[in-house]
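Welcome! Here is a short briefing to read alongside the sequence and the 3D view.

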Amino acid sequence: MTQLDLYYATNRCHLGKDRWQPSGYGKKFSDDGMENLRFGRVSLELDDSKVQKHLVAQVGELGAGDGLKLMDYLSSKVAKARIQAYEEKLQNDIHQDSQDARLGSAALFQDVQQAMLQSSDVLVFIHGFNVSWQDAVANAAALQLMLNRPGYGDPKQKVLVLLFTWPSDGQALPFTSYRSDRAEAEGSGAAFGRGLLKLRDFLANLRDRSTQGQALCGQNIHLLCHSMGNYLLQHTLKRIDDFTPGNALPRLFEQVFLCAPDVDDTALDDPAKLGRLHELARQVTVYHNKGDNALVISDYTKGNPDRLGSAGAARPAALHQKIQQLDCSAVVQGLVEHSYYLMGDINLDLRHSMDGVSPADPMRRRLRHPLYANVWLFG
């Protein structure tokens, strides 16, 4: 048996009497408001042999590594997981952002910083529609295990996943449940934005201290948004812009991955949506799949325009030079059609980007699109 530790932030309501040692998190926003964030660590006890079996399983044209079946196994372990939230001492009559107090965010950032000092990048992960606390933890834990598979990626480099989970427990049908989750994603965008502003301030403080002789770790922070998590990200950008001086958003991330994004295919053109996302990152990559039935449902039964996660951006040539697209349609089939970022060589492609491998490197299964320099075909 081995222990997997996963860091998290959430604006879900806690379950149980003790908010600092909850039994889990529920379907509603925190009782302190939708923007209220709790930070913590969840620890799972895992059977190494069962984990390894899924990490090496062959999945057709996707190669080795079945992250979806691994997620199913991990989901069965979440109920018995140990959850420890970072305690906070706050004055009820003063807003959190104005208090001189030890906040959970600061404690989490300090613990994550220690991991980064041990050669670990951090990947912030936002899940999509219809995801419970249990499934969110299993999803993030599977992502962390897949990205750290022995023999894949830079052996000297590790990746730590930090989960942001929001109250997304709707059902694909009826229509009202999908709309409810979109409303909750919109509200949660402000909460995640608050978290990123806290991160901005923490990093700024580290840079100030580095001028006084304290060394920086040299590691990178990345962001992966899946499905409706990309819609949440749209509303995050507005919150960050509202509280950022000057004309540019802070560059917080090295790589941003938009996986099966459930947003309009024109979102990256529109400054009111994701049009300024490139300001947050050194590079942005969109992963899409024309056979993604979950997004077809979003198109035709939910009344949405064409989805970015189906055929990619409507105008690829008009995108900012930092933005690339990877069309995964040729290799993604069946049950993995919407969560392929957890699978085989597509997951490895994420890791290559984090390791700084050139998009055109022969070790990557990428072919240049015949018409667009910023579009790649996975094959």
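**The sheet and its edges**

G40 stands opposite A85, which belongs to strand 5. This is a predicted model, in which local features need pLDDT of at least 70 and side-chain atom pairs count only at pLDDT 80 or more, while totals for chains, interfaces and linings use all residues. Residues are numbered from 1 along each chain as its sequence is written, and side-chain values use heavy atoms, with hydrogens and water left out.

- Strand 4 (residues 38-46) and strand 5 run antiparallel and are joined by four bridges. Strands here are DSSP runs of E with at least two residues, helices are runs of H or I with at least four, and both are numbered from the N terminus. Two strands pair if DSSP finds at least two bridges between them.
- An open sheet of mixed pairing is formed by 11 strands, in the order 5-4-1-7-6-8-9-10-11-13-12.
- Strand 5 (82-85) and strand 12 (366-368) each have a single partner strand, so one side of each is left without a neighbour in the sheet.
- On average, neighbouring strands of this sheet are turned by 25° against each other, direction ignored.

**Helices to look for**

- Helix 6 (residues 229-242) packs on the sheet and touches strand 6 (120-126), strand 7 (158-165), strand 8 (221-226) and strand 9 (253-259). Contact means heavy atoms within 4.5 Å.
- The direction of helix 6 makes about 125° with that of strand 8. Axes are lines fitted to C-alpha atoms, for helices over the stretch in contact, and angles run from 0 to 180 degrees between N-to-C directions.
- Helix 9 (residues 344-354) is mostly covered, with 11 of its 11 residues buried. Buried means under 20% relative accessible area, exposed over 50%, and partly exposed in between (1.4 Å probe, protein chains only).
- Just after helix 9, G356 takes a positive phi of about 85°.

**A closer look at F257**

- F257 lies in strand 9, and it counts as buried because its relative accessibility is 0%.
- Leaving aside neighbours within four places in sequence, the contacts of F257 include L123, L224, Y287, L350 and M354. Of these, L350 and M354 are among the buried residues of helix 9.
- F257 and Q325 are 68 residues apart in sequence and 9.8 Å apart in space, C-alpha to C-alpha.
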